[in-house]
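Let's take a friendly walk through this chain, from its sheets to its cavity. Please have the sequence and the model open as you read.

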Amino acid sequence: MTYGEEEPVSPMARVFQSPGIDLCAVTIMGFKTKINPDVVLDALKQNVSKHPRFSSILSDNGAKWIETEVSVEDHVIVPYIDAEEIGEGGQSFIDDYMSRLTMIPLDRSRPLWDIHILNVKTSEAEAVGFIRSHHSLGDGMSLISLMLACTHKTSDPDMFSNAIPSMKRRATMSHSLKTKGWFLRSIFTIGSTMRLLWNTTIDMLLLLATVLFLKDTKTPLKAGADVRSNPKRFYHRIISLDDIKLIKNAMNMTINDVLFGITQASLSHYLNRQYGTKKEEDGALTSYRNNLPDGIRFRVACTVNLRSDIGFKPLADMMVKDSKCRWGNYFSFIFLPFTIGLQTDPLVYLKMSKSMMARKKHSYHAALVYFIIKIVLKVFGAKVKKLTFVCKFMDNIILTHSLILSFIGGSRII
């Protein structure tokens with residue numbers, strides 16, 4: 001194996017490849033036809049060297065990317081599959097394979113990615129492909145942009161796919177208010193600024209309280225201290241985006257507002273059933289429909305995109321130095337307080353979600369969290385043994401919060 005140029009590893013990339021965290025991203029894709037491994041290998045041989053992260057390995061101390069030659073055959077795995085043995089259980093086989101895959105570490109002597117080809121029929125696809133890449137290579141926005149760059153239009157094979165258009169952030173001031181006089185616009189600006197500072201202050205105080213002592217209520221969904229070492233089980237379900245958009249337009253919400261409202265309602269009913277089952281096991285039968293304890297603190301940590309240009313961009317644009325939509329790990333966390341309770345009107349969950357998300361969007365909390373982590377790593381760097389501070393912070397997020405979720409479409413608020 002030959003080595004070439006070296007490039008420093010970004011602060012967030014160092015966080016993700018530290019021993020205390022060591023995260024991978026697993027992408028699953030369904031195909032309408034069986035996958036020909038030779039076609040995949042030929043495409044990789046022509047293109048993988050064009051991307052520096054996928055043709056580099058980490059130095060021994062994890063501080064630099066070292067360019068190297070890539071043997072793509074070592075990165076493409078096609079396991080033997082007995083179709084008769086699987087039968088109609090293709091989906092269950094896929095879920096089992098993904099669960100086992102997450103327990104196998106990537107080989108650090110090679111570039112930190114691999115592709116798994118499974119010609120297994122499921123209810124939605126004729127074949128399935130897994131792309132496993134270390135999180136130090138890039139976040140969800142980066143990886144999806146890379147995958148889009150590797151696809152072409154069926155109507156014109158010479159053209160790259162642009163199936164997902166770029167997006168703009170929503171304006172904080174409505175169009176009708178912009179047409180009003182300067183006095184009303186000034187009042188709105190002052191009020192909006194004061195609310196922004198207030199929300200940011202409250203969010204940072206809650207973050208400090210979480211680091212020091214504040215934890216979620218112990219529920220059947222709350223992870224224990226050994227969550228990292230426990231085997232993981234993964235499932236995936238496909239829902240209709242058209243149905244989500246119908247609710248979104250009717251309620252004047254965003255897609256993520258709807259999804260979080262649905263999640264909040266689903267978790268409330270799930271926990272109610274779990275507590276009801278526990279009461280029956282303890283012999284405390286009750287005729288009340290609501291089995292939930294009072295005052296459940298249930299918070300969700302959500303990843304959000306910090307790029308000034310949102311949406312999926314061409315890969316070439318992301319690789320340009322100082323790009324506003326640059327490649328890498330440019331995301332942070334916001335913390336959402338879920339209201340766990342039973343509502344007679346399901347629209348209440350959506351209204352609560354819309355109000356909660358509107359408040360969180362009007363805060364600099366996510367940017368400040370990223371800024372603090374970046375400053376700590378730049379100031380102390382290798383002096384922080386195994387990035388202890390950041391690792392403890394990430395562990396604190398996992399252990400003190402009930403769930404960690406990602407926004408639809410690569411961790412952006414839409």
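The sections below cover the model, its sheets, a helix, a cavity and the annotated segments.

## About the model

This is a predicted model, in which local features need pLDDT of at least 70, side-chain atom pairs count only at pLDDT 80 or more, and totals for chains, interfaces and linings use all residues. Residues are numbered from 1 along each chain as its sequence is written, and side-chain values use heavy atoms, with hydrogens and water left out.

Helices (H or I, at least four residues) and strands (E, at least two) are DSSP runs numbered from the N terminus. Two strands count as paired if DSSP finds at least two bridges between them.

## The four-strand sheet

Strands β2, β7, β6 and β5 make an open sheet in the order β2-β7-β6-β5, and the pairing is mixed. Because β2 (24-31) and β5 (76-77) each have a single partner strand, they stand at the edges, and one side of each lacks a neighbour in the sheet. The parallel pairing of β5 with strand β6 (residues 113-118) has 2 bridges, and Val-76 lies opposite Ile-115 in β6.

Strand β8 (residues 298-305) is parallel to β10 over 4 bridges, with Leu-403 of β10 as the bridge partner of Val-300.

Elsewhere, strand β3 (residues 56-58) pairs with strand β4 (residues 64-68) in the antiparallel sense over 3 bridges. Here Ile-57 has Ile-66 in β4 as its bridge partner. These two strands, β3 and β4, form a hairpin with 5 residues between them, and Gly-62 in the turn has a positive phi of about 70°.

## Both ends of helix α8

At the start of α8 (residues 241-251), a side-chain oxygen of Ser-240 comes to within 3.4 Å of the backbone nitrogen of Asp-242. Just after α8, Asn-252 has a positive phi of about 55°.

## The cavity

How many cavities of 30 Å³ or more does the structure hold? There is 1. On a 1 Å grid over the protein atoms alone, a cavity is a set of points where a 1.4 Å probe fits but cannot get out, and lining residues have an atom within 4 Å of a point. Grid points are joined across faces, edges and corners, and the volume is the space filled by probe spheres set on the points.

The largest cavity has a volume of about 40 Å³. Its lining includes Met-12, Phe-331, Tyr-370 and Met-394, and β9 (331-338) and α12 (365-380) each supply at least two lining residues.

## Annotated segments

The unreviewed UniProt entry annotates residues 196-214, 327-344 and 364-381 as "transmembrane region"; such annotations may be inferred rather than shown by experiment. Residues 196-214 are 89% helix and 0% strand, with end C-alpha atoms 23 Å apart. Residues 327-344 are 0% helix and 44% strand, with end C-alpha atoms 45 Å apart.

Key. A polar contact is a pair of N or O atoms within 3.5 Å; within protein, one must be able to donate a hydrogen and the other to accept it, and residues adjacent in sequence count only if both atoms are side-chain atoms. On a 1 Å grid over the protein atoms alone, a cavity is a set of points where a 1.4 Å probe fits but cannot get out, and a pocket is an open set with protein on both sides within 12 Å along at least five of seven lines; lining residues have an atom within 4 Å of a point.
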